[in-house]
Amino acid sequence: MSNGSRPALQRFVTHLPRLAVATAAALALSACGGGSQKAESKSGASADSGTASAAFPVTVEHKYGSTTIDKEPKRVVTLGLSDQDAVLALGIKPVGAVDWFKEQPYGKWPWTKDKWGSAKPEIVGERDEYNIEKIAALKPDLVIAQYSGMKKEQYDTLSKFTKVVAQPKDLPDYGASWQVMTRQIGTSLGKAAETDKLIADVDARFKAVRDRHPEFAQKTLVVADSFEAGKYSAFTRTDPKSIFFQELGFTLKPEIDTLAKPGFNVAELSAEKLNVLDVDRVVWVTSSTGANDRIKAEPLYRNLKVHQEKRDLFVPYQDPDVGAAFSFNTVLSIPYAITEIEPLLTAVR
């Protein structure tokens with residue numbers, strides 16, 4: 001689904017990832033032995049009764065069955081695009097992670113700098129293409145892939161030498177809420193009680209905004225972007241960016257979901273289709289002021305009331321990193337995103 005000719009940042013914001021099948025060379029790693037996957041269903045809750053080590057064994061259900069983790073993981077690799085945030089929030093620094101923004105996934109984002117400190121995880125893939133040999137070399141005792149589209153072939157290969165918790169079951173890839181993914185991660189790490197508190201704290205932050213701004217509930221909102229002249233995108237209700245604004249209290253426009261192709265979390269729009277963005281608020285997430293100027297100069301966009309009445313908001317992905325924060329939409333990035341976006345949404349325009 002991604003276009004290899006586009007920059008990685010553009011591919012991130014425009015399309016869902018497509019996974020590569022594990023290579024034949026990676027299959028040779030089956031000799032490493034390791035994590036057995038058990039089919040029986042067990043309760044993963046017992047962290048409340050004592051320390052993390054007392055919580056084990058736990059069994060976590062996921063897209064490809066269930067995985068039993070016998071003891072507290074010490075070396076964790078995250079393959080979901082934003083999974084490292086929840087792991088960091090629970091006090092563990094992953095030894096391996098994937099690249100998402102074409103940036104090293106440590107020390108860059110303001111919501112994780114202090115959590116990483118001087119630690120630097122090994123980069124074991126770009127977005128959704130995993131380097132199985134690098135992962136094996138790290139000798140992980142747990143691989144987590146929540147915000148991912150991990151394929152069965154990849155899961156089977158990794159499971160030959162480590163425990164693997166794949167993406168949540170009964171939900172589309174990249175379609176689980178941050179709460180569901182965080183709970184999966186917390187259970188896997190034997191930290192269910194800490195996880196519940198993290199989620200409750202973030203939920204309270206959202207509720208506080210809704211309480212301060214009940215008017216948000218009366219407004220329809222669409223999150224959009226554009227990286228090429230004449231080509232525009234609007235994000236569906238399963239995209240983290242849309243989920244973020246819905247939890248702030250806004251109502252999403254259902255028509256966006258019907259315009260998206262199956263398996264995509266974004267609807268591609270031509271200039272002639274921009275009328276679908278004529279809602280109460282449009283939040284454009286862009287990478288440059290040049291992109292903002294280009295969108296504003298589009299004649300068909302200039303005709304929309306949302307633009308004429310200055311109800312559109314242009315937010316950068318980076319510098320400041322507010323767009324990236326609600327694109328990640330994790331227990332670590334959400335508080336930062338709320339702090340940055342609330343005054344922008346309520347400023348007199």
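Modeller: His62 is found in strand S1; strands here are DSSP runs of E, at least two residues long, and helices are runs of H or I, at least four long, both numbered from the N terminus. The model is a predicted one, in which local features need pLDDT of at least 70 and side-chain atom pairs count only at pLDDT 80 or more, whereas totals for chains, interfaces and linings use all residues. Residues are numbered from 1 along each chain as its sequence is written, and side-chain values use heavy atoms, with hydrogens and water left out.

With a relative accessibility of 2%, His62 counts as buried (buried is under 20% relative accessible area, exposed is over 50% and partly exposed lies in between, for a 1.4 Å probe and protein chains only). Not counting residues up to four places away in sequence, His62 touches Thr67, Tyr155, Val164, Val165, Ala166, Gln167, Lys169 and Gln184; contact means heavy atoms within 4.5 Å. Gln184 stands 122 residues from His62 along the chain, and the C-alpha atoms of the two are separated by 8.7 Å.

H7 spans residues 178–188 and is mostly covered, with nine of its 11 residues buried. Just after H7, Gly190 takes a positive phi of about 70 degrees.

The chain as a whole has 15 helices and 14 strands. Of its 349 residues, 55% are buried. Among contacts with a separation of 6 or more, 70% are between residues 24 or more positions apart.

The largest nonpolar core has 78 residues, of which Leu79, Phe244, Phe245, Leu248, Phe326 and Ile341 touch the most other members (such a core is a set of buried Ala, Val, Leu, Ile, Met, Phe, Trp, Tyr and Cys residues joined through side-chain atoms within 4.5 Å). Apart from residues up to four places away in sequence, Phe245 touches Leu221, Val223, Phe250, Val283, Phe326, Ile341 and Leu345.

Asn292 itself has a relative accessible area of 13%. Leaving aside neighbours within four places in sequence, Asn292 is in contact with Thr286 and Phe314.

Asp319 and Pro320 are joined by a cis peptide bond, with omega about 0 degrees. Pro320 lies in the loop between S14 and helix H14 (322–328), and Asp319 is placed in that loop too. Asp319 has a positive phi of about 55 degrees although it is not a glycine, and it is exposed, with a relative accessible area of 69%. Asn329, in the loop between H14 and helix H15 (333–346), also has a positive phi, near 50 degrees. Asn329, however, is buried, at a relative accessible area of 4%. Most residues other than glycine have a negative phi, and most peptide bonds are trans. Another cis peptide bond joins Phe56 and Pro57, with omega about 5 degrees; Pro57 lies in the loop between helix H2 (24–27) and strand S1 (58–62), which brings the account back to the strand of His62.

H15 remains to be described. Helix H8 (residues 192–212) and H15 pack at an angle of about 15 degrees, with their axes 10 Å apart (axes are lines fitted to C-alpha atoms, for helices over the stretch in contact, and angles run from 0 to 180 degrees between N-to-C directions). H8 is therefore roughly parallel to H15 (under 35 degrees counts as roughly parallel, over 145 as roughly antiparallel, 65 to 115 as roughly perpendicular and the rest as oblique). Their crossing is left-handed, that is, the near helix is turned anticlockwise from the far one by less than a right angle. Val202, Arg205, Phe206, Val209 and Arg212 in H8 meet Ile334, Pro335, Ile338, Thr339 and Glu342 in H15.
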